[in-house]
Amino acid sequence: MTFKTQRLTVSAVMLAVATVLSVVCEFIPFLSLPMGGGFTLASMLPIVIISYMYGLRWGFFSSFVYSCIQILISLMMGKTVLALFTPSSSDYMGVWVAIAVIIIDYLLAYTILGVGGIFRGCVKNKIVALVLGVIVALSLRYLCHIVSGYIFYGAWAEWFFGEAKATYKIGEFILNNFSGKGLSLVYSIFYNGLYMIPEIIITAIVAAGVGNIPKIKKIDK
């Protein structure tokens, strides 16, 4: 098997695994958060592994493909992407805003996972390189969601922390100490952190485990 054929085959399998994991996790109740959003069981790790095995350039290409797959899944399942373009939906904010949200929350947020192989050439320990790659890649995805949430969803901040106030004191504290753009930023950090921080932790732990698999290794021409 040639290098290109092997790379294409392995990447296709990894993309399939990542896609299946992300879809299956949609149907696991405890992974969904009551106020929206949810995390998965390391569904993005296969994308980081592709980048580690074959380098950043191929990693970014594969993660871009994955971002397109995520958009299609959202459309087919009638979730966020479809709602953004549906005037009767509470998520509808106009066509151009919808396009901007998709660019940041999907195309950019998932394509950035290609950076996961950044430590392949400078960290000798494979497990450490994978874990660090996961932390950096998923943290950058988290940052993309923070930016999107701050720009486009800040109007939900008072409602969100108002609902949280009934159960958690932090909701009351935030509403009493932040307002305007500051409140929008805190909301985006908090809301997106509810699912991205567990996602980062879970994926890093799984990465430390699968790092022992011999077939997961740097492969160059």
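Which residues does Leu113 touch, not counting residues up to four places away in sequence? In this predicted model, local features need pLDDT of at least 70 and side-chain atom pairs count only at pLDDT 80 or more, while totals for chains, interfaces and linings use all residues. Residues are numbered from 1 along each chain as its sequence is written, and side-chain values use heavy atoms, with hydrogens and water left out.

**View 1. Surroundings of Leu113.** With contact taken as heavy atoms within 4.5 Å, Leu113 touches Met44, Ile47, Val48, Ser63, Tyr66, Ala137, Leu138 and Arg141, not counting residues up to four places away in sequence.

**View 2. The largest nonpolar core.** Such a core is a set of buried Ala, Val, Leu, Ile, Met, Phe, Trp, Tyr and Cys residues joined through side-chain atoms within 4.5 Å, where buried means under 20% relative accessible area with a 1.4 Å probe and protein chains only. Tyr66, Leu113 and Leu138 touch the most other members among its 59 residues, and α6 (126–152) supplies the largest share, 10 residues; helices here are DSSP runs (H or I, at least four residues), numbered from the N terminus.

**View 3. Helix α3 (56–76).** Its end C-alpha atoms lie 30 Å apart, which agrees with the 30 Å that its 21 residues should span at 1.5 Å a residue, the expected span being 1.5 Å times one less than the number of residues. The buried residues of α3, including Trp58, Tyr66 and Ile73, pack against α1, α2, α4 and α5. After α3 comes Gly78, whose phi is positive, near 70°.

Key:
Buried means under 20% relative accessible area, exposed over 50%, partly exposed in between (1.4 Å probe, protein chains only). Helices (H or I, at least four residues) and strands (E, at least two) are DSSP runs, numbered from the N terminus.
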